[in-house]
Amino acid sequence: MKTEKNDVLEKVVSLAKRKGFVFQSSEVYGGLNGCWDYGPLGVELLKNIKEEWWKFFTYRDDIEGLDASILMHPRVWEASGHVENFTDPMIDCKQCKARFRIDHLADNINAKKKGKLIEFVAALPEAAEFHEEANQILDSKDESLYSDFITKIFESKDASTPTLAEVTCPQCGTKGSFTSARKFNLMFKTFVGPVEEDSNVVYLRPETAQGIFVNFLNVQNSSRQKLPFGIAQIGKAFRNEINTKYFLFRTREFEQMEMQFFCHPDADKKWYDYWKAERLEWYKSLGMNGERLRYHDHPKDKLAHYAKEATDIEYQFPFGWGEMEGIHNRTNFDLGRHEEYSGKSFKYFDEETKEKFIPFIIETSAGASRSFMAFLIDSYNEEEVNGEVRTVLKLHPKLAPIKAAILPLVNKDGMPEFARKIEADLRRNYKVFYDDKGAVGRRYRRQDEAGTPFCITIDTQSMEDGTVTIRERDSMEQIRIEASKIGVYLFEKIYA
RNA sequence: GCGGGCAUAACUCAGCUGGUAGAGUGUCAGCUUCCCAAGCUGAAUGUCGCGGGUUCGAAUCCCGUUGCCCGCUCCA
């Protein structure tokens, strides 16, 4: 099992490198953990995925597009909860999986226990530097000092682990079940202006959603939309993940395709169900194997702070099921918080019902990079043809990086000239590739590996009657049509 | 973050117990080729991931480091 699953991922990674889909970032310097570059074919595939996504949403009359900046006002992330949740040291209980902010943990310990804990620290070899302070606090008998001191110990380098081992989990009561403390600085920090000081700190956005939320009324007013309506955005987001993993699956820099749908609080369930169904169909409509797709509904007690209901659309990767897209009922949490933090109103006024309220938001948040990897893996096929292995990417024609290859059967008798004319004609509308190197069979296989759905071949008969053959990638079957009709043929095959 | 494995040409890999690198595929040039990785001729490409150490001498042994993969952990 293990070798088999490694196999597929390794083969795809190898193909990705060889054919120019994905390279490791800064490869010549040894690579940068969790960062990848998209090569000539990869950037086309990614662009096509994004384009299909963009059309799916913004070609509707109830969804508008947006492209917000990556750097945003730091207060945005205070309102969203990201600063609070990600910059303080946290620990987890291994037993019950509960997570605690360390500065809150001390408050959950009763006074008597705190005293004992400080006595423990006073005798702890790893806490030598704190012994004096511990004894002073014990002597003072001032219990109001206890919490701050314990927090200090918890946050210290050497003394925290042995001290935490003496503490019981406030939730499940297990003793010594805590992980060591760590800071969840999930947001990348940088500075605006030349001076690196705290007042100039800004963050690279850890999600694109907030750019949509803060622009909700701008978009609504300028586009004259009425509820319910949505705002779609594609863009990079950054998270300083502790672990990167599985090729493109968990990276520090990634691209999100998000649509936030604003609706009346009473209509949330309806739209949640609607988008949940629509989004799964989208992957299938682009050729993804339905048996490798499923929903993973989040149990109510595991929901994020902002969500009322949530599900993931998961793909069965070689390493297991993994999330490609999240669909969340974010309620009025985000807009409410921005109203609170900015002092500006985020309420919507409904002329018909004369109702004024903060809309609910149904979010569909897809990972472009994860979808990219899923489409790549899903389309990867090895077939036996005449005793040889044929590697072929059966990508949907809409997603294929190159739509057609133009191949003169031999390099003489006017075939190259005719082929070049066809190429020039098709290039006006399609990404095509001209190849006259080597035997035609080899050229077909090269295109199979790149996922090119159609190969147009010019032969002797072409020179006589102006027809060409079109070879279809998956069936390897050929038809013959007039050269003048290639454009129409491709359009129907790709987009119809 | 912890533990394990790996790192040699664009890709897949060989290189045994130390004597300054090789195969297949691919790529490029030419010939030949009328339809599925055909054939012939020729060519290019590696400070053996990076940095130290041991040694007369290191791809090979040792240490460190970075990256990738696997298992935990984590993934509001």
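Strand β22 (residues 467-472) and strand β23 pair in the antiparallel sense over five bridges, where two strands count as paired if DSSP finds at least two bridges between them. The model is predicted, so local features need pLDDT of at least 70 and side-chain atom pairs count only at pLDDT 80 or more, whereas totals for chains, interfaces and linings use all residues. Residues are numbered from 1 along each chain as its sequence is written, and side-chain values use heavy atoms, with hydrogens and water left out. Helices (H or I, at least four residues) and strands (E, at least two) are DSSP runs, numbered from the N terminus.

**The sheet**

- Five strands form an open sheet in the order β20-β19-β21-β22-β23, with mixed pairing.
- β20 (432-434) and β23 (478-482) stand at the edges with a single partner strand each, so one side of each is left without a neighbour in the sheet.
- The bridge partner of V468 is I481, which lies in β23.

**Helices on the sheet**

- Helix α15 (residues 415-427) packs on the sheet and touches β19 (404-408), β20, β21 (454-458) and β22, contact meaning heavy atoms within 4.5 Å.
- Helix α18 (residues 486-495) lies across β19, β21, β22 and β23, and runs at about 165° to β21; angles run from 0 to 180 degrees between N-to-C directions, with axes fitted to C-alpha atoms, for helices over the stretch in contact.

**A pair of helices**

- The axes of helix α2 (residues 40-58) and helix α14 (residues 368-379) come within 10 Å and cross at roughly 110°.
- The contact is made by G42, L45, L46, I49 and K50 of α2 together with A368, S371, F372, F375 and L376 of α14.

Notes:
Chains lettered and ligands numbered in written order.
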